[in-house]
Each structure stands twice: as C-alpha cells, then as structure tokens.
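Subject: Structure for you to look at

Hello,

Here is the structure I said I would pass on.

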Amino acid sequence: MISLDAFSTLIMACLLLTACAPLILVVLWVKDFLSKQLW
Amino acid sequence: MPEPIRLVTYTALVFLLTLAARPSLAYSTAQTVEQLKPSAEYVLGGPEATVREGYFILSLDNPPTGDVTIQQSADTDFSSVTAEFNWFGDFSATTLSGFADGTYYFRLNTPEGFSNVIQVEVLHYPLWQAFSLFFAGLLLFLILVLLIVRMHWVTDD
Amino acid sequence: MTETTEFALNSSLGLTLVVLFGIAWIIFGWYLGRANKTHEDFALAGRNVGLALASATAMATWVTSNTTLVAPQLTYQFGIWGMVGYSFAALGLILFAPLAARIKKLMPNGYTSGDFIRLRYGQLAWWAFIIISIIYAFGWLISLGMAGGILLQALSGLDYHIGMTAILIICVGYTLFGGLRAVIATDFIQALIIIVGVVFIAWYLIDTVSLESIHQEVSSNHPQLLDLLFPAAIMFLFNNVFFGLGEIFHSNVWWSRALAFKGKVAFKAFLLGGLLWLPIPIVTGFIALAAPQLGIFPPSADMVGPMVAAEVLGKAGAIIVFIVVFSALASSLDSLLAATSDLITRDIYHKKINKQASDKHLMRFNGYSIIGLGVLTWLICLPQLATLGALLNFAGAFVASTIFPVVLGLYQPRLRGGYAAAAMVVGTLSGLAGYFLVGFYVAALVSCLVSAIICAIGVWRCRTVFDWQQMQEQESNA
C-alpha cells in the first residue's frame with residue numbers, strides 16, 4: 001500500500017508540473033509570435 | 001474559399017438544424033409514472049463470474065426514484081454492514097472498484113426495505129502471472145527503445 | 001422542463017454553451033482558413049508550423065478525451081498504477097520525436113502515413129495498413145462522438161442526440177473551413193483551457209476534501225486501489241504502453257503533424273509535447289480517487305472524472321467541467337477528421353481513383369471527405385449502441401502490430417514489403433486471438449510481439465537493400 005506521504009508527493013509534484021505547462025506554452029507562443037515564426 | 005455571408009448562413013442553418021432536431025428531448029427526461037415501482041421490488045444484479053480485476057458493475061432492473069444506497073457485508077444475513085455506497089441519481093447501474101480478494105454480499109437499501117442479496121466473488125490474478133506479463137512487456141519495450149535510439153544515432157548526421 | 005436537480009447544469013445553459021462555443025470555433029476556423037491557397041496549405045498548414053503551436057498541438061491532441069475521461073476511469077479501476085501507467089502513454093509522443101525528424105528527412109514532400117507505407121513497402125502492406133488505419137480512425141471517431149453525447153447528457157441532461165450532433169457539426173465546421181491550420185490553432189487554445197481547468201479542479205478538490213481524507217477513505221474501503229502489487233494493473237501496464245505507441249506511430253494524425261512542422265521543429269515539438277503531457281493523467285486520474293470520499297459511485301467508470309468535478313465545484317464549476325470536456329473532445333475529433341480525410345483524399349482518391357486530379361479538385365474533395373466522415377460517424381452514433389463504444393477496446397490489437405513495421409521501415413533498409421504486410425496481418429490476428437482467448441490486457445502486447453518476431457525474421461532473411469532514394473524520386477513525380 002502506498003503511504004500518505006508518497007501519495008501526496010506524487011500528486012502535488014504532478015499538479016505543480018501541470019500548472020507550469022500553460023506558462024511554457026504561452027512563453028513559446030510569444031517568442032514565436034515576436035520572431036514571426038508561428039506558421 | 002467560403003465568403004463571409006455564405007459562412008454565416010451555413011453556420012446558422014446548421015445550428016437551427018441541431019436545435020430543431022428533437023427539441024422536446026433537449027431537456028432531462030424524468031421518470032414517467034408507469035415506470036415507478038415500489039422499492040421493495042427492485043432486483044439487484046451483479047457479476048456472474050468471479051471478479052479478477054477488483055471492480056464490477058451492479059445493476060438494477062429499473063432506475064431508482066429516491067435516495068437509495070448499496071449495503072455491503074461479509075455474510076448473507078448482513079449482521080454487520082461493512083460499507084454503504086450511495087446510488088448515483090436515477091442511473092440503473094453503479095461501478096464499484098478496489099476490492100481485495102474475498103466474498104462480498106450486497107443489497108439495495110431503500111426507505112421501503114431491502115432488495116435481494118447478491119454475492120460477488122473477488123479473486124485477483126496470481127502475482128506470478130502479472131509479473132510475467134509485466135516483464136515480457138518491459139523486455140519488448142526496451143528492445144524497441146534501444147532500436148530507435150541506436151538507429152536514429154546511426155542515421156542522424 | 002420537468003426536472004433538473006439531478007444534473008449539475010440545466011439543459012438550456014448546456015445548449016447555450018454548446019452553441020456559443022460552436023459559433024466561436026467555426027468563425028475562428030474560417031478566419032484561419034482564409035490563408036489556405038493550395039491543398040498543401042489545407043492538409044498540412046503550409047508545412048511551416050513553429051515550435052509553440054507544434055508542441056501545443058502534439059500535447060492537446062493527446063490530452064483530449066484520453067486524459068480527461070480515460071485517465072480517471074483507469075484510476076477508478078486500477079488505482080495508483082492506473083494513473084501512473086496511463087501517464088506512460090507520454091512515451092508514445094517522446095519516442096515519436098526521433099521518428100518525426102526522420103519522417104521529415106525521408107519524405108520532405110510527403111503527405112500521409114499511407115504515402116510512406118506505399119512507397120516503402122508496396123501495395124500489399126499498404127492494404128493491410130490502410131485497413132488498420134481506417135478501423136482505428138472509425139473506432140476513435142465513433143467513441144468520441146458517443147462520448148460527446150453521453151457526457152453532455154450526464155452533465156446537463158441535454159439529450160444524447162443533440163449533444164452528439166452538435167459536437168460533430170462544430171468540429172466538421174471548423175475543420176472544413178480552416179483545414180489543419182484551424183485544427184492546430186484551436187488545439188493551442190483548447191490545450192490551455194483543458195490544463196487550466198484540470199489544475200483548477202484538482203487544486204480545489206485538494207483544498208476542500210484534503211489528500212489525507214481521500215487516502216484514508218480509499219485505503220479502508222477500496223484498498224486495492226492504493227496497492228502497488230495490484231495484479232490486474234501490473235498486467236495491463238505494458239499492454240497500455242504498446243497500445244499508445246501503436247496509436248501514435250501508425251496514425252496519420254501524428255504523421256501529418258510531423259510533416260506540417262517546420263524543419264527542425266518536429267523533434268523538439270514531440271519531445272516537449274510528451275514531457276508536458278506526462279504529469280497530466282496523474283492530475284486528472286487523481287480526481288477519480290476522491291469519488292468514494294464524496295460518495296460518488298458512477299454508473300460506468302468512464303464517467304467518474306466529470307461527475308466528481310461537477311459534484312465538488314457545484315454549478316459554477318460544472319460550467320468549467322463542461323467547457324473542459326467539450327474542448328477535450330473537440331481537439332481530438334478535429335484532428336482525427338482532418339487526418340483521416342487527408343488519408344482518404346491522398347491515399348485512396350488521388351493515388352487509386354483519380355491520378356490526374358488538380359490541386360483545386362483535391363482541396364474540394366478533401367472538404368467533401370470531411371463532411372462524409374462527419375455524416376457517417378453521425379449515422380453510426382445515432383442508435384447509441386454501447387457495444388460500438390467498446391470498439392476502441394480491441395483497437396489495441398490492430399495498431400500495436402504496426403509499431404515495428406513503421407519503425408524498421410523508417411530506419412532499416414533490409415525489411416521487404418511482404419514481411420511488413422505479414423507482420424501487420426498476423427500480428428493483428430494474434431492480438432485479437434489474445435483479446436478473446438485470454439483477456440483485454442494482452443491484446444496489444446501479443447500483437448506487437450508477434451509482429452516484432454516476423455519483422456526480425458524478415459530483416460534476418462532479407463538479401464536486398466531498399467534504396468531510400470526511391471521515396472524521393474516517386475515523390476517528385478507525384
């Protein structure tokens with residue numbers, strides 16, 4: 001059985017990483033947009 | 001290339017079509033009176049065969065109308081109810097999961113009384129069988145990864 | 001309106017949201033479609049997609065229905081291993097990164113995965129491949145259409161037929177007007193909506209229910225879900241990985257993206273898309289573990305995610321769930337419509353029926369095939385047969401048989417078409433036999449294993465070497 005600590009760490013770490021994804025995508029978009037590399 | 005006016009017309013038509021499809025059914029269908037049965041007459045159904053994955057579906061012959069629950073016990077007479085699960089809405093089935101090996105009994109608990117009792121046998125696959133498939137998969141996967149990495153390395157200049 | 005209390009949203013609000021979203025996406029699709037001058041523009045977005053949109057579309061198409069519905073379902077059934085195992089599907093995107101770079105290099109002017117199989121392996125293998133592709137695409141299209149109807153109904157009481165019809169019309173609409181460009185641009189926005197929504201729901205859930213109480217409830221009443229030695233989950237793990245690899249490696253959904261991305265972008269985009277995708281199934285899957293604590297036991301396991309979210313967040317939250325699920329379904333459906341219609345236009349129509357077709361003619365035919373696919377899917381979804389939704393379950397047997405033929409076809413010149421065709425056909429049949437004789441958890445594994453063995457024999461016995469130049473030459477004549 002997975003312990004509470006391991007369970008919480010897994011969930012919180014993944015939540016944090018997932019939360020970063022939109023930021024990364026938006027930063028990349030702005031970068032591509034400014035350098036006219038979108039399409 | 002579609003012109004703006006044609007686009008708007010088509011889009012509007014297409015949505016009107018959707019809305020016109022079955023407007024009376026666009027709203028939730030409530031139970032008609034004929035379908036209602038006294039709660040004591042509910043027939044609870046469950047998996048016939050032994051459950052190998054620890055999850056199974058319990059079903060009712062007709063959707064419940066009020067608040068009902070499923071009672072779980074380790075013996076047929078329900079001398080001690082080990083768990084009680086809410087039945088969700090007026091659906092005619094519910095999925096329960098995460099059961100360890102053992103024999104479980106379930107019945108429907110309604111304000112008017114109980115339903116029939118069903119028996120569910122849970123017996124997980126043996127671990128040796130699980131691990132042999134796991135390692136067979138792992139081996140094949142590693143071969144694939146090594147193949148891709150090596151071939152990509154060789155062909156990439 | 002008779003009764004709405006059972007549903008998180010009322011039907012008219014649900015319908016309004018669908019109509020508003022539909023109009024917005026279709027106008028956006030039309031706006032983007034103005035730049036499409038040639039069939040290449042329409043089918044491959046001008047082959048010049050940059051890193052941001054490329055990574056987002058790789059991730060969003062793979063996020064979609066899989067992650068918002070299937071990850072909670074597997075977690076509800078298989079617990080911790082269900083969600084961790086599901087996140088391994090990111091390996092499909094990550095391993096496709098080198099293949100995508102190779103695809104760009106081998107056939108810079110290619111259009112579809114079918115093109116590759118035809119040029120590399122010849123007619124026989126092409127037939128096996130195209131049948132597998134079409135079966136898989138239809139299985140997925142139908143399951144998405146049905147999921148759309150069922151979920152909108154579960155959340156708002158909107159009739160199944162209306163939800164299903166609306167989602168198909170919207171996706172057909174903007175894919176038709178905008179082509180791959182619209183698919184990719186809407187994917188970017190849909191990806192943002194989905195991730196932000198999912199993070200919000202999970203965070204809110206942890207805040208209100210707490211991880212401790214979820215852990216305690218699950219460990220006392222559903223202990224197997226937290227058990228790392230859960231036999232069925234362990235058995236199923238690699239089967240799921242091979243299913244995912246097969247889906248990505250063979251499907252034109254991913255090939256057309258690889259071909260549409262700008263030069264060196266393909267490798268980076270799939271790698272980044274895969275890494276960004278990796279933690280998402282754990283976040284969405286975790287939502288299902290809160291179900292017992294909240295007293296939610298879904299009618300079928302695939303509904304658990306949206307039901308928990310709608311329950312916890314109440315009415316305002318249900319709107320978020322509705323939008324997230326809708327975006328998720330749409331971003332898969334549009335990609336599948338675009339990629340499958342390309343396959344029909346390019347591989348079947350242009351190469352088999354009308355070889356002299358002009359560019360304009362092909363572009364128009366591509367549009368017709370999008371509409372045709374939409375109508376056909378709609379007709380099949382209409383009776384709401386549960387058994388059709390299960391079609392995707394044994395698709396694993398089909399797609400996993402293509403993994404080794406595709407990988408070896410891209411890199412290894414010593415595999416002939418006959419062996420590749422045999423690997424796909426015999427692999428699929430063995431996978432199906434495994435599915436029916438042993439269980440769902442071996443279908444993809446057996447299929448991939450058998451096809452790998454046949455490919456190995458093929459490479460070992462082969463005395464001739466394929467000339468990679470052949471892919472270029474025929475391409476320029478085409």
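What percentage of the 478 residues of chain C count as buried? The figure is 68%. Please keep in mind that this is a predicted model.

Overall form of chain C. Chain C contains 21 helices and zero strands. Its C-alpha trace spans about 65 × 50 × 40 Å along the principal axes. A compact globule with 478 residues would have a radius of gyration near 23 Å, and the 22 Å of chain C agrees with that. Take the contacts in chain C between residues at least 6 apart in sequence: 83% of these join residues at least 24 apart.

The core. The largest nonpolar core has 231 residues. Helix 7 of chain C, residues 160-209, gives the most to this core, with 26 residues. Domain 1 (28-124) and domain 2 (126-157) of chain B both give residues to the core, so it lies between them. Among the residues with the most contacts inside the core are Phe96(C), Ala100(C) and Phe270(C). Leaving aside residues up to four places away in sequence, Ala100(C) touches Ala258(C), Ala266(C), Phe267(C) and Phe270(C).

The contact between chains C and B. Chain C puts 61 residues into this contact and chain B puts in 53 residues. Several helices of chain C give two or more residues to the side that touches chain B, including helix 1 (11-33), helix 3 (51-87) and helix 20 (443-461). Helix 9 of chain C gives the most to that side, with eight residues. By type, the residues on the chain C side are 39 nonpolar, 17 polar and five charged.

Regards

Terms used: Residues are numbered from 1 along each chain as its sequence is written. Chains are lettered from A and ligands numbered from 1 in the order in which they are written. This is a predicted model: local features need pLDDT of at least 70, side-chain atom pairs count only at pLDDT 80 or more; totals for chains, interfaces and linings use all residues. A nonpolar core is a set of buried Ala, Val, Leu, Ile, Met, Phe, Trp, Tyr and Cys residues joined through C-beta atoms within 7 Å. A residue is buried if 20 or more other C-beta atoms lie within 10 Å of its own, exposed if 12 or fewer, and partly exposed in between; C-beta atoms are placed from the backbone. Helices (H or I, at least four residues) and strands (E, at least two) are DSSP runs, numbered from the N terminus. Domain bounds come from an automatic or database domain assignment. Two residues are in contact if their C-beta atoms, placed from the backbone, lie within 7 Å. The radius of gyration is taken over C-alpha atoms; the globule rule is 2.2 Å times the number of residues to the power 0.38. Ala, Val, Leu, Ile, Met, Phe, Trp, Tyr, Cys and Pro count as nonpolar, Asp, Glu, Lys and Arg as charged, and the others, Gly among them, as polar.
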